[in-house]
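Please look over the sequence and the model shown here, and then follow the text through a few of its loops, strands and rings.

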Amino acid sequence: MIIIVSILCLSFIGMSLFAYDVATNLQLKGNVKSVTKTNYNIALKFGDYFRTPNSKFVFTYDSNGKQIESTELTPRDVVVNKVNSTYDASGNLVEQVGFDGENVQLFKSVVTYKNGVKADTSEYGKDGLLKSKTIYTYDGTKLTTHIESITESFSTYSYSLFILL
């Protein structure tokens, strides 16, 4: 009996010492419009623990529960960066555009689908030029080949994925 109580006490202490981020593992239910996540630094000063916010993330959702915007903020609510996401009628992610704190576009990622599966992803830089393109091929519903072409270095990479059972 003493061993069981000791194990339970040690488990409780261990779980309380290490912060478990419950919010990242919960499924959203209902009509959630946004979620704010704040990260803290914890410091021991004069025998007491103090929490100081070091960053904040605001995730905004559409009526279908798809994340349409992700914004990183400083502790004083100044925008660090933002990513806007767009979805097609089937709910597939078709575009992501990233901006810095001054609302200057940093990147754009465009995804195309063929027969309901991802066909390719094109990455564009802040200058609007194509930086890379990833092409996917399938055997039925299994991804068999992934070819990535980097336009800046004129390199092409190709490899096959094998699934071992």
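**A walk through the predicted model**

Gly-30 counts as exposed because its relative accessibility is 73%, where exposed means over 50% relative accessible area, buried under 20% and partly exposed in between, with a 1.4 Å probe and protein chains only. This is a predicted model, in which local features need pLDDT of at least 70 and side-chain atom pairs count only at pLDDT 80 or more, while totals for chains, interfaces and linings use all residues. Residues are numbered from 1 along each chain as its sequence is written, and side-chain values use heavy atoms, with hydrogens and water left out.

Gly-30 belongs to the loop between α1 (2-17) and β1 (34-45); helices (H or I, at least four residues) and strands (E, at least two) are DSSP runs numbered from the N terminus. Although Gly-30 and Gly-65 are 35 residues apart in sequence, their C-alpha atoms are 8.6 Å apart in space.

Strand β1 also holds Tyr-40, which is partly exposed because its relative accessibility is 35%. The charged end of Arg-51 sits over the ring of Tyr-40, 4.2 Å from the ring centre; for this, NZ of Lys or CZ of Arg must be within 6 Å of the ring centre and within 35 degrees of the ring normal. A second case is Lys-82, whose charged end sits over the ring of Phe-99 at 5.5 Å from its centre.

Strand β2 (residues 48-61) contains Val-58, whose C-alpha is separated by 4.4 Å from that of Thr-36, 22 residues away along the chain. Apart from neighbours within four places in sequence, Val-58 is in contact (heavy atoms within 4.5 Å) with Val-35, Thr-36, Glu-69, Ser-70, Thr-71 and Leu-73. Phe-59 is likewise placed in β2, and its contacts beyond four places in sequence include Lys-33, Val-35, Gln-67 and Glu-69.

The structure holds one aromatic pair. Phe-57 and Phe-59 form this pair, which is stacked, at 6.4 Å centre to centre and 10° between the planes; rings of Phe, Tyr and Trp (its six-membered ring) pair if their centres lie within 6.5 Å, and planes under 30 degrees apart count as stacked, over 60 as edge-to-face and the rest as tilted. Phe-59 counts as buried because its relative accessibility is 18%, whereas Phe-57, at 22%, counts as partly exposed.

Two loop residues call for a look at the backbone. Most residues other than glycine have a negative phi. Asp-77, in the loop between β3 (67-73) and β4 (79-87), has a positive phi of about 65° although it is not a glycine. Asn-103, in the loop between β5 (93-100) and β6 (105-114), also has a positive phi of about 65° without being a glycine.
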